[in-house]
Amino acid sequence: MQKLTKCDKNGILDCAKKLEGGRKMNNEENILGYEKIGKLIRKFSIPCIISLLVNSLYNIVDQIFIGWGVGYLGNGATNVVFPLTMICLAFSLMFGDGASAYLSLKLGEKKKEEASKGVANGISLCVIISIILCAGTLIFLPQLLNVFGCTDVLREYALSYGYVIAIGLPFTMIGTTLNSIIRADGAPKYAMTSMVSGAILNVILDPIFIFVFKMGVQGAAIATVISQILTFIINILYINKFKTIKLTKQEFKINVGVAKKVSTLGISSFITQMSFVVLVAVENNLLSKYGSESKFGSEIPITVLGIVMKISQILNSIIIGLAAGAQPIIGYNYGAKKYDRVKQTLKTVLGISLIISTIAFILFQTIPDKLISIFGSGDELYMEFACLGFRTFLMLCICNGVQIPSGIFFQAIGKSVKSAALSLSRQILFLIPAMIILSNFFGITGILAAGPVADGLAFVIAAILLVLEVRHFGKEKVKSEALIDDTSTDNQLNKQIVITISREYGSGGRYIGRIIADKLGIKLYDKEFITKLAQETGLSEEYIESKEQKRDVLSGLNNGYYFGIDNADELFIKEAELITKTAEEQSCVIIGRCSDFILKDKENVLKVFVYSDMEDKIKRATEFYGMNKQKAEKEIKRIDKLRANHYKHYTDKEWANHSNYDICINSDTLGVEKAADLICQMIRDKEAILA
């Protein structure tokens, strides 16, 4: 499966830190635009692959010790408890990733105090929820195991394992949350050290508690908790070592607004992990039900399919690492319109991925008995189902060599909807429904057959989207409504005043801004920000214009399924710096870009929102933007929705809420000329007040 566990995600984020620097270089320095593709892929992908493989193998080693020390029922029990740990992981990643994003955004706005509050609130939220989940699990563990598909035979093992794991949940969750924040603070090596230290200790303690102390699954759980406590302690020690912020006791007090924003920023990670919880719960219940009706019983299928998925994760780790390493190469060259390099990179990644997945397919089909034997011995039925599971469930694993890189490719080029669709398609849209439907007709065999059905359908969608996208390389033209600004100014203001204009699409807000700038003899900033961003990032102006000020509802999900440095966040942080610097240097008119929020603490700013009736906006869109009248209304609503999402994401406020602005004006009530005159008069009044 291509789901990222805690370890997978942490490993990828390490790679992200290594790649981040390359993406921020300018055109002259950035090797992504001229170095040989093969060399770049080796440089960026190999560290990602190694990190993911180490993490995947760590999970598997844990299962190996349990399998040999306890038997396959021990592994079956841990598979039943696994959804519980994923629920806790979902919350800890939500708070950790959310606090990390909040930290990055606020530091980009030069607001260290707010950044500190976000980090402290993220940690506080995790502490509170971890204690609640710990207590709830200790009280309701038997009921929870029923939900996750536990059988009577597995119950004793699952309870022994689950109760110990529950005691360690606060340490696990807080350690995970801190791990994400530490990375965002610029210390990925420290975060990796804490995680690897816990992993190594777990590998050492597992055989001691299982084989020496003869404690079975309970011993494995104790080893896990002790290892997690070590990671927790190492990460706690970092709190006083933060490089970018300083935390005080007062900041750990929950602030509802900050806590809500942190949770919102991390919601994609939460959804990602919870979707996996649903998948495993459905799968275990179906295996228990239909397994009991077969000669294999319930326990063998639950155990075997859990192991099959863990082994398949090794394959997916290699493919994800390869594609993740190529992501900045694809993203940079796509933005710079070097489509030949994009195609070459994509071709290389797909070729290597297909070779790797083909080798894995051969192994899964020819030596499944050898693979399952790594996890301990079993009776004849156990081995029979293991062979059936590998050969059937992973029959079309070759498709992963296309589907996984495709999702990361679309994220790299900023096509968030397509990326999210591919991310969700296999296990949510196809695998769960296929398991439910096919099991009704074919029983336990139908559940196994759902694997290739989901892989095949996801592959078809990925291949179609990929082919269509590559065919259109270089053919897309971004419609720009930006004006070409006149750089000549004759400032008529006695005081430095900055006017920010937010506007509905088609309301004439930009034109009003142009009139104001001309009347006052000051500069209007709109497309110039795009030009400056292009110069600093090396990305094309067309690419930046198509991404900035727009955020669709699926944008956040991509960070949950596939890692990725968020292009939109980088652009916003850099743009906020440019807006702040510009506002400090001169009087000017700034169009959109959350500038009212970015400059909200400055007294010399007049914040304007321009709106209009739909009929008038349609008329203006058809007349000035050359839109088809029938499609104009739909396009206006779409763009305004994207602007509202963008504003909400970065300000936590409603874009059209009039309380955000000093004046909201209907451009067609007075007409754009008189609307501009009215705003100019307000500017004069504000100038008098500042005097």
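In the predicted model, helix α7, which spans residues 188–212, is the largest contributor to a nonpolar surface patch, supplying six residues. The patch covers about 740 Å² and is formed by Trp 68, Val 196, Ile 200, Ile 204, Ile 208, Phe 211, Val 212 and Phe 213. One of these patch residues, Ile 208, lies in helix α7. Ile 208 has a relative accessibility of 30% and is therefore classed as partly exposed, a category that lies between the buried limit of under 20% and the exposed limit of over 50%.

Helix α7 also packs against another helix. The axes of α6 (residues 169–184) and α7 approach within 7 Å and cross at roughly 155°. Because angles over 145 degrees count as roughly antiparallel, α6 is assigned a roughly antiparallel arrangement relative to α7. On the α6 side, the contact involves Asn 179, Ile 182 and Arg 183. On the α7 side, Pro 188, Tyr 190, Ala 191, Met 192, Ser 194 and Met 195 take part.

When neighbours within four places in sequence are set aside, Ser 116 is in contact with Ile 245, Lys 246, Leu 247 and Glu 251.

Notes. Residues numbered from 1 in each chain as written. Predicted model: local features only at pLDDT ≥ 70, side-chain atom pairs only at ≥ 80, totals over all residues. Heavy atoms only, no water. Patch = residues over 30% accessible without salt bridge, like charges linked within 9 Å, V, L, I, M, F, W, Y side chains within 5 Å. Areas by Shrake-Rupley, 256 points an atom, 1.4 Å probe, with all protein chains shown as cover. Salt bridge = Lys/Arg side-chain N within 4 Å of Asp/Glu carboxyl O. Helix = DSSP H or I, 4+ residues; strand = E, 2+ residues; numbered from the N terminus. Buried < 20%, exposed > 50% of the residue type's maximum accessible area, 1.4 Å probe, protein only. Axes fitted to C-alpha atoms, helices over the stretch in contact; angles between N-to-C directions. Parallel < 35°, antiparallel > 145°, perpendicular 65-115°, else oblique. Contact = heavy atoms within 4.5 Å.
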